[in-house]
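I opened this one to see what holds the chain together. My notes follow in the order I looked things up.

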Amino acid sequence: MNAPLIELASLATAIRAASTAGAKVLFVSVPNLKYSPKIQSANAASTENGTLLQTLTLAFNNAMKSDLYDVSGHKIGLVDAFNMYTKVDDSDTKTKVRTMEPTCKTAVSGNTITAPDGTEYLSDDLTAQQKLLFCTSETMVTNSSISASRWADDTHFAPYSHYLLGTLAYNRVRDNF
């Protein structure tokens, strides 16, 4: 049985209710998933799905902002993750840090991965969660950088992206609250 999806109105209502109760609320917009490795690899020949996903994501984010437009920025703050990554730019091959490609070997099909207990697995035999859990600085793709890679796998941010989101959140809290 699938969990029901949270409706946009109820999400905005929950944020508004927390704010009304006196809490300061910080919410993060949905990132522009058009530039995720999953969509980029699936759209090698066509950009139709990426454009549709971008349009849907932007519509969701705009509706959230619209539903909360009348609340003071000192009560509710927005971290704009949608505009974190607005293009794919892996053009500099000398210093390429795989910014828009998965940085974990665990995310690349056919790689042998050694788990923390020493057991070896073929990456194709691992669940998505195991692939992320087994991703360490030792299992990164050649020429990738923990301090610059944006994606850990096809759909999850790498530590650098979390750092950027954290910095945006910190600045928003410092400036607004």
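This is a predicted model: local features need pLDDT of at least 70, side-chain atom pairs count only at pLDDT 80 or more; totals for chains, interfaces and linings use all residues.

Among contacts in the chain with a separation of 6 or more, 67% come from residues 24 or more positions apart.

**Layout**

I then listed the secondary structure, which comes to 5 helices and 4 strands. Read from the N terminus, the order of the elements is α-β-α-α-β-β-β-α-α. I also checked burial: 32% of the 177 residues count as buried.

**The largest core**

Which residues make up the largest nonpolar core? I found 9 of them: Ala-12, Ile-15, Val-25, Phe-27, Met-64, Leu-68, Val-71, Ile-76 and Leu-78. At least two residues of this core come from each of H1, strand S1 (25–28) and S2.

Beyond its neighbours within four places in sequence, Ala-12 is in contact with Met-64, Asp-67 and Leu-68.

Next I picked Arg-16, which sits in helix H1 (residues 8–20). Is Arg-16 buried or partly exposed? Its relative accessibility is 29%, so I put it down as partly exposed. With neighbours within four places in sequence set aside, Arg-16 is in contact with Asp-67, Leu-68, Asp-70 and Val-71.

I followed the last of those contacts. Val-71 belongs to the loop between helix H3 (48–67) and S2. Not counting residues up to four places away in sequence, Val-71 touches Arg-16, Ser-19 and Ile-76. I read a C-alpha separation of 7.9 Å for Val-71 and Arg-16, which are 55 residues apart along the chain. For Arg-16 and Ile-76, 60 residues apart in sequence, the C-alpha to C-alpha distance is 8.2 Å.

**The disulfide**

I searched for cysteine pairs and got a count of 1 disulfide. Cys-104 and Cys-135 form it, with their sulfur atoms 1.8 Å apart. Which parts of the chain does the pair tie together? Cys-104 is in the loop between strand S2 (76–79) and strand S3 (112–114), and Cys-135 is in the loop between helix H4 (128–133) and helix H5 (159–176), so the parts joined are 31 residues apart in sequence.

**Aromatics**

My ring search returned 3 aromatic pairs. I wrote out one of them: Trp-151 and Phe-157 are 4.8 Å apart centre to centre with 45° between the planes, a tilted pair. Trp-151 counts as buried at 2% relative accessibility, and Phe-157 counts as buried at 14%.

I also stopped at Ala-152, in the loop between H4 and H5. Ala-152 is buried, with a relative accessible area of 8%. Its C-alpha lies 5.0 Å from that of Pro-102, although Ala-152 and Pro-102 are 50 residues apart in sequence.

**Helix H5**

Last, I checked the length of H5. At 1.5 Å a residue, its 18 residues should span 26 Å, and the end C-alpha atoms are 25 Å apart, which agrees.

Which residues of H5 are buried? I got Ser-161, Leu-165, Ala-169 and Asn-176. Looking down the axis of H5, I see these buried residues within an arc of 75°, so they line one face of the helix. The face of H5 turned away from the buried side carries Tyr-163, Tyr-170 and Asp-175, which are exposed.

What covers the buried residues of H5? The cover includes S1 and S2.

Terms used:
Residues are numbered from 1 along each chain as its sequence is written. Side-chain values use heavy atoms; hydrogens and water are left out. A disulfide is a pair of cysteine sulfur atoms within 2.5 Å. Buried means under 20% relative accessible area, exposed over 50%, partly exposed in between (1.4 Å probe, protein chains only). Contact means heavy atoms within 4.5 Å. A nonpolar core is a set of buried Ala, Val, Leu, Ile, Met, Phe, Trp, Tyr and Cys residues joined through side-chain atoms within 4.5 Å. Rings of Phe, Tyr and Trp (its six-membered ring) pair if their centres lie within 6.5 Å; planes under 30 degrees apart count as stacked, over 60 as edge-to-face and the rest as tilted. The expected span of a helix is 1.5 Å times one less than its number of residues. The arc is that of the directions from the helix axis to the C-beta atoms.
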